[in-house]
Amino acid sequence: MSNAVPWDVAMEEAWDAYSAGSLPIGACVVDDTGEVLSRGRNRLGEARRVEGIIAGHRMAHAEMNALLCLLDLTAEQSRQLTLVSSVEPCPMCLGAMRMQRISPLAFATRDSWAGHTDALEQTAYYRQKPTMLLRPPPDIEAWCSVLLICSMFESYLPREHGFFEVHRHEQPHHFAAAQHLHTLGSWQHLRQQHAPFEVARNLLT
């Protein structure tokens, strides 16, 4: 995806999610010109709400909220859209995207634990209309990956959890960077300072 704006929107939503105590995952939906039509963020760590958006619920994922915020569209209009996410979608979000008749998917970093795009080649429902996968420049991938892994270091997950094992194995450089920044408390410090996205964006540069 050549237009940087959707990536910036997804990353800003991810930062807002992290700042609010949720998983740092953000998403948006864009049309065929790159205009952002809706945006959403992970809201798992927030007060429960199921009205317009979903919060405080197991379904309160960034992609779900971005899709829910779309205006009513025809099937043909939906086919012109692209879902952009800071992290590879899980089974629920990938399914919701395709049920909305959106097939192009752009995601910044793979989720080696819950990412589900392998199913695009394995499931007949997905194969009936091939999904174009779009990826970002390396710096955007690194930012989204490191922030996600760092947030998991801050979570309740024990260090022997499978999330850490697969990311250490499949994304060793990002994992090492996240471990280092977690030790320094860099992301946490920015969150405590209520730093805007523009400041957090430069942490890895």
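## About the model

This is a predicted model, in which local features need pLDDT of at least 70 and side-chain atom pairs count only at pLDDT 80 or more, while totals for chains, interfaces and linings use all residues. Residues are numbered from 1 along each chain as its sequence is written, and side-chain values use heavy atoms, with hydrogens and water left out.

## The sheet

Let's start with the overall layout. Five strands make an open sheet with mixed pairing, in the order β2-β1-β5-β6-β7. Helices (H or I, at least four residues) and strands (E, at least two) are DSSP runs, numbered from the N terminus, and two strands pair if DSSP finds at least two bridges between them. Strands of a sheet pair through backbone hydrogen bonds, either parallel or antiparallel. The edges belong to β2 and β7 (133-134), each with a single partner strand, so one side of each is left without a neighbour in the sheet.

Helix α1 (residues 4-19) lies across β1, β2, β5, β6 and β7, and runs at about 25 degrees to β2. Contact here means heavy atoms within 4.5 Å. Axes are lines fitted to C-alpha atoms, for helices over the stretch in contact, and angles run from 0 to 180 degrees between N-to-C directions.

Strand β1 (residues 26-30) has five of its five residues buried. Buried means under 20% relative accessible area, exposed over 50%, and partly exposed in between, using a 1.4 Å probe and protein chains only. Both faces of β1 are covered: G26, C28 and V30 are buried on one side, and A27 and V29 on the other.

On one flank, β1 pairs with strand β2 (residues 36-41) in the antiparallel sense over five bridges. A27 has G40 as its bridge partner in β2. The hairpin of β1 and β2 has five residues between the strands, and G34 there takes a positive phi near 95 degrees. β1 also runs antiparallel to strand β5 (residues 82-87), with four bridges joining the two.

## The nonpolar core

The largest nonpolar core has 51 residues. Such a core is a set of buried Ala, Val, Leu, Ile, Met, Phe, Trp, Tyr and Cys residues joined through side-chain atoms within 4.5 Å. Those with the most contacts inside it are W15, V29, I102, W143 and W187. Helix α7 (residues 138-153) gives the most to this core, with 10 residues. In soluble globular proteins, nonpolar side chains tend to be buried together.

Not counting residues up to four places away in sequence, W15 touches W143, L147, W187, L190, R191, A195, P196, F197 and A200.

## Cysteines

How many disulfides does the rule count? The count comes to zero, where a disulfide is a pair of cysteine sulfur atoms within 2.5 Å. For C28, the nearest cysteine sulfur is that of C144, 11 Å away. C28 counts as buried because its relative accessibility is 0%. C90 is in no disulfide either, with the sulfur of C93 as its nearest at 3.8 Å. C90 is also buried, with a relative accessible area of 14%.

## Salt bridges

There are nine salt bridges, each being a side-chain nitrogen of Lys or Arg within 4 Å of a carboxyl oxygen of Asp or Glu. One of them joins R110 to E88, with the closest N and O atoms 3.6 Å apart. This pair links distant parts of the chain, 22 residues apart: R110 sits in the loop between β6 (105-109) and α5 (119-122), and E88 in the loop between β5 and α4 (91-99). R110 is partly exposed at 37% relative accessible area, whereas E88 is buried at 6%.

E76 forms a salt bridge with R79, the closest N and O atoms being 3.7 Å apart. E76 is partly exposed at 47% relative accessibility, and R79 is partly exposed at 38%. E141 is bridged to R135, with closest N and O atoms 3.6 Å apart. Here E141 counts as partly exposed at 25%, and R135 counts as partly exposed at 31%. Finally, E12, E13 and R39 are linked in a network of salt bridges.
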